[in-house]
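Have the sequence and the 3D view open as you read.

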Amino acid sequence: MKLKTRFCKKNSLKTNEENEESTQKNTNYPLICVDWSSNEEIYFVSDDHQIFKWSDVSRDSVEVAKLPDDFVPTDLHWLLLGGRGSGGGKGNDTLLVCSNDGRFVILNKSARVERSISAHGAAISSGRWSPDGAGLLTAGEDGVIKIWSRSGMLRSTVVQNEEAIHCARWAPNSTSIVFCQGGHISIKPLAANSKIIRWRAHDGLVLCLSWSTQSNVIASGGEDFRFKIWDAQGANLFTSATEEHAITSVAFNPEKDYLLVGTFNLLKLCHSTGWTYSSSRFSAPIVGSLFSLSWSADGTQVACGTSTGQLIVAFAVEQEAISNNLKAISNSRKSITLRDISTGTRDVLDFPQRVINFALGYGHLVVATTHQVHIYNEKYINTPIIIDGRNDTRVIQVGKKYFMILDATSIWVYTYTGRLHLNPRYPGSQAQIPLLTWRSISLGLDVLAIRDNSDPTLVYLFDLIPGASRQYEPHSLRAKQQLAEIAACRAGTPDDQFVSFIDTNRELFVSESRNLNGERSDEIYKIGTQLTAMMWASETNILVGVHDSCYSIWYCPGEGASDPTIIALTTVSLDTAEFGKHITIESFEDSVVTFCSAGARLPVTVNLYCELLHRALLEGQWPQALKICRLAQHANLWATLAAVATRKHQLQISEEAYAAALQIDKVSYLQHLKTLTPSSAEQMAENSLMLGRMLEAETILLHGRKYEQAVGLALRMHNWRRALEIAQKHQSEVPDLFQKVLQERRKYIKALQREEWDPLYLPHVVKDEVDNTPSE
C-alpha cells in the first residue's frame with residue numbers, strides 16, 4: 001500500500017491586476033490550518049487572513065470569508081453535526097478558528113462569525129471540538145487548557161501552569177485530554193479528583209499529538225527526529241528510527257489502523273503499531289515541513305498543509321484483501337483489480353464514484369463507493385448487484401450468509417442478493433453509532449454482536465435467523481470489565497453460536513450467544529489472559545489469539561469453556577519470537593492463520609486433523625469423528641470430541657473420548673449417567689451439570705417436577721439458600737422436603753462446630769429448638 005499525492009491550487013482567485021510580488025508573498029505564507037468540511041471540500045486559512053474552500057469536484061479554491069487583519073490563525077477545526085458526507089451537514093455545522101493573540105472565533109456554515117472570544121493571554125496552540133460534539137477545548141502557550149460549551153461559554157479550566165502547551169487533543173470517548181509541554185506528554189482525565197498522568201516522551205520538544213479512535217493509542221512527534229506510539233497509560237509501544245528532520249505532524253486515520261507522519265519534504269504512511277507502509281518524498285517542488293494533517297471522515301483522503309503554503313491531497317492505493325484463491329487490490333480511487341490465483345484470471349472493476357471501502361470473503365467482493373454498494377459473486381463477476389443510497393460506509397464485514405455495513409447513521413445487514421435483512425436498533429443507538437468501530441461490532445453466522453458505547457461492559461446480541469424473537473429485540477450480555485474487542489463465531493450450527501470478548505485487562509472470555517438470561521453472570525467464562533488480538537476461523541469454531549510473546553489456538557473454546565480442564569487440553573500455545581513484535585491477525589480461513597508483522601504476512605497451519613474433526617462434528621458424522629481421533633491420537637482432539645459429544649448427549653462417544661484423554665473422573669461420572677433412565681429429567685440434568693450449567697440443570701429438574709432431586713442438587717453445590725427456597729415453595733407437593741433441608745443444615749453446622757449464622761435459617765433453628773424442648 002502506498003500514498004498518491006497531488007498539489008491543489010490555492011491562489012486561483014488572484015486577479016491579473018494584482019502584481020506578481022503580492023501573489024508570491026501570499027503564496028509563501030505557511031499553511032498550518034487545514035480541515036475537511038465534507039468528504040469533498042477542504043477549508044484552509046493562513047496568515048493572509050482569508051478562509052478558502054477547495055472542492056474536489058471543481059479542483060479549485062474559492063474565498064469564503066476574510067478574517068480581521070489582526071487575527072493570525074493558528075488552528076482550525078470543523079464540528080459537523082450532520083456528518084461528513086459529500087452533501088455536507090444540516091446547516092448547523094460550525095467552524096472553530098484560533099489565533100495567536102489568544103482569541104478564537106466560531107463561524108457557521110455560511111462563514112458568518114457567531115462568537116469571538118478572548119480565551120488566553122498568549123497564542124492558542126490547539127482548538128478542538130470534542131468527538132461527541134458537546135463542547136470544545138482551547139490550549140494556549142500560557143500553559144492553560146479550557147473547556148467551552150458549543151456556544152462559547154466557559155465551562156472549566158482543567159490545566160493551569162506556566163509551561164507552554166504546544167498541542168492538545170481529545171480522547172476518542174471525550175473523557176480525557178492529552179497535551180504536551182516541553183519534552184513531556186500528559187493525560188488529564190476530566191473526572192472529578194482524577195490525577196494527571198505525565199511522562200517524559202522525547203529528548204526535544206514534543207510538537208504534535210494524535211489519539212487513535214480505532215486502537216486507543218497515542219502518537220507523538222518531536223524535535224528529536226522521532227515519532228513514538230504510547231498506550232493510554234503512558235507505556236511506550238513503538239519508537240521510530242531517527243528521521244532527517246523534526247516530526248511536525250501526526251494523524252491517525254479515523255476509520256482504519258493507519259498513521260500518517262509528516263516531516264520536512266516527507267510524508268509517511270504507517271500502521272497504527274508503527275511500521276511503515278510507504279514514504280512519499282517531495283523533491284520538486286520543495287514543500288518544506290508538513291505542519292497540518294487532516295483525514296477526511298471516510299478515511300480515504302488526507303489534506304496536508306505545508307510551510308511553503310502548498311495544499312496537498314493524498315489518498316491510499318494498492319490496498320489489498322485476500323480470501324482463499326481471490327485477491328482484490330485497489331489500483332486507483334475508482335478501480336479495483338480482482339485476481340483468481342487458482343485460474344490466473346484477472347478482472348479490472350471500474351466504478352463511477354470514489355471507492356471508500358471494500359471487503360472480500362466467502363466468494364463475494366463487497367465494494368462501497370460514495371453513494372452505492374456493489375456486490376460481486378466470484379462466479380458472476382460481470383453482473384454485480386448494486387444497492388443505492390448508502391453513504392459514508394465505514395466498516396464492511398462479510399459472513400457466510402450475510403454481510404454487514406456500518407455507515408455514519410446506522411447499521412445494515414444484507415443478504416448477498418442485495419435484500420435488506422436487518423437494520424438493528426438498541427437503546428441509544430442513534431447517538432452511539434458514529435462512535436462504533438470494527439472492534440465494537442461483529443457479524444457471526446446467525447448473530448450480530450454490538451458493544452454499547454455508553455456502557456462498554458454491555459453487549460447486544462441480535463438474532464439473524466428470520467422470524468426469531470431476538471431479531472429486533474436483542475438480548476444483552478454484561479461483562480464485569482469494560483470490553484475492548486468482541487468477535488462472534490462465523491461457523492457452526494444455529495445451536496452452537498458463541499461470542500468472545502477481550503476486556504480492558506486483556507483477558508479473553510467466551511459466552512454462548514443463544515439461550516441467554518441477562519441475570520446469569522456465570523454464562524461468561526474466562527479462557528485466556530494477556531490477549532492483544534483474536535479471530536474465529538471462517539468455517540469452524542476454532543479461535544486464535546495473540547499474546548505478547550506467543551499465540552494460542554483454542555480448538556474447543558465454546559463447548560469446553562465451562563470446564564478449565566477441557567480448555568487446558570484443547571489449547572495450544574506457540575512462540576512468536578521469530579515473528580517480531582506488534583503481531584496482528586489478518587485472516588483465519590480453513591486451517592491457515594495469516595499473521596501480519598511489520599508488513600510481512602506469516603501463514604501458519606493449525607492442526608489439520610482438528611479442522612477435519614470440526615467439519616465432521618458440524619455435519620453430525622460421529623463415526624467419522626471417531627475415526628479421525630483414532631487415526632491422529634492427539635489428546636486435544638479427544639478432548640474436543642468429548643466436549644462436543646457431551647453437549648450433544650452422545651454419552652457412549654463421550655465416554656470413549658474422555659477415556660482416551662485420560663479423564664478418569666469424567667469417565668466414572670458418565671458411567672453413572674448411563675445408569676439413569678435415558679432422556680429422563682435426571683439424566684439431562686446431570687449432563688447439564690457436567691457441562692457446568694448448574695442453573696440449566698436445576699431448571700430441567702423443576703420443569704420435570706423432580707423437586708426432591710432439585711433440592712438435592714442445590715445441597716450438593718452447597719447452595720443452602722436456594723435449597724431452602726425450593727423446599728418452601730414446593731412444600732405442599734413434597735411434605736418432608738422442608739424438614740430434610742433443615743436436617744442436612746444441622747448436620748453441616750454440627751460438622752463445622754459452629755452456631756447458625758445464616759439469617760434465612762435462624763428462625764427455623766429457634767423454632768426447632770423450642771419444639772424439641774422436653775416437657776416437665
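This is a predicted model: local features need pLDDT of at least 70, side-chain atom pairs count only at pLDDT 80 or more; totals for chains, interfaces and linings use all residues.

Strands here are DSSP runs of at least two residues marked E, numbered from the N terminus.

Is Val-45 buried or exposed? Its relative accessible area is 1%, so Val-45 is buried, given that the cut-off for buried is under 20%. Leaving aside residues up to four places away in sequence, Val-45 touches Leu-31, Cys-33, Gln-50, Ile-51, Leu-67, Pro-73 and Leu-76. Val-217 is another matter: 172 residues separate it from Val-45 along the chain, and the two C-alpha atoms are 29 Å apart.

## Aromatic pairs

Searching the whole structure turns up 16 aromatic pairs. Take Tyr-43 and Trp-78, whose ring centres are 4.9 Å apart with the planes at 75 degrees, so this pair counts as edge-to-face; the cut-off for that is over 60 degrees. Tyr-43 comes from strand E3 (residues 41-45) and Trp-78 from strand E6 (residues 73-79), so the pair ties together parts that are 35 residues apart in sequence. Tyr-43 counts as buried at 6% relative accessibility, and Trp-78 is buried too, at 2%.

Now look at Tyr-551 and Phe-595. Their ring centres are 4.8 Å apart and their planes sit at 50 degrees, so the pair is tilted. Tyr-551 lies in strand E51 (residues 550-554) and Phe-595 in strand E54 (residues 592-597), so this contact ties together parts 44 residues apart in sequence. Both Tyr-551 and Phe-595 are buried. Elsewhere, Tyr-258, Trp-275 and Tyr-277 are linked into a cluster by ring pairs.

## An arginine over two rings

Which rings does Arg-745 lie over? One is Trp-720, with Arg-745 over its face at 5.3 Å from the ring centre. The other is Trp-757, where Arg-745 lies over the face at 4.9 Å from the ring centre.

## Helix H10

Helix H10 spans residues 694-703, and its buried residues are Ala-697, Glu-698, Ile-700 and Leu-701. Why do they end up on the same side of H10? They cover an arc of only 160 degrees around the axis, and that puts them on the same side.

Just after H10, Arg-705 takes a positive phi of about 60 degrees.

## Cysteines

How many disulfides does the structure hold? The count is zero. Cys-8 is in no disulfide, and the nearest cysteine sulfur, which belongs to Cys-304, is 9.3 Å away. A disulfide would need the two sulfur atoms within 2.5 Å. Cys-8 is buried, with a relative accessible area of 6%.

Cys-208 is also in no disulfide, and the nearest cysteine sulfur to it is that of Cys-167, 6.8 Å away. With a relative accessible area of 5%, Cys-208 is buried.

How values were computed: Residues are numbered from 1 along each chain as its sequence is written. Side-chain values use heavy atoms; hydrogens and water are left out. Buried means under 20% relative accessible area, exposed over 50%, partly exposed in between (1.4 Å probe, protein chains only). Helices (H or I, at least four residues) and strands (E, at least two) are DSSP runs, numbered from the N terminus. The arc is that of the directions from the helix axis to the C-beta atoms. Rings of Phe, Tyr and Trp (its six-membered ring) pair if their centres lie within 6.5 Å; planes under 30 degrees apart count as stacked, over 60 as edge-to-face and the rest as tilted. A charge sits over a ring if NZ of Lys or CZ of Arg is within 6 Å of the ring centre and within 35 degrees of the ring normal. Contact means heavy atoms within 4.5 Å.
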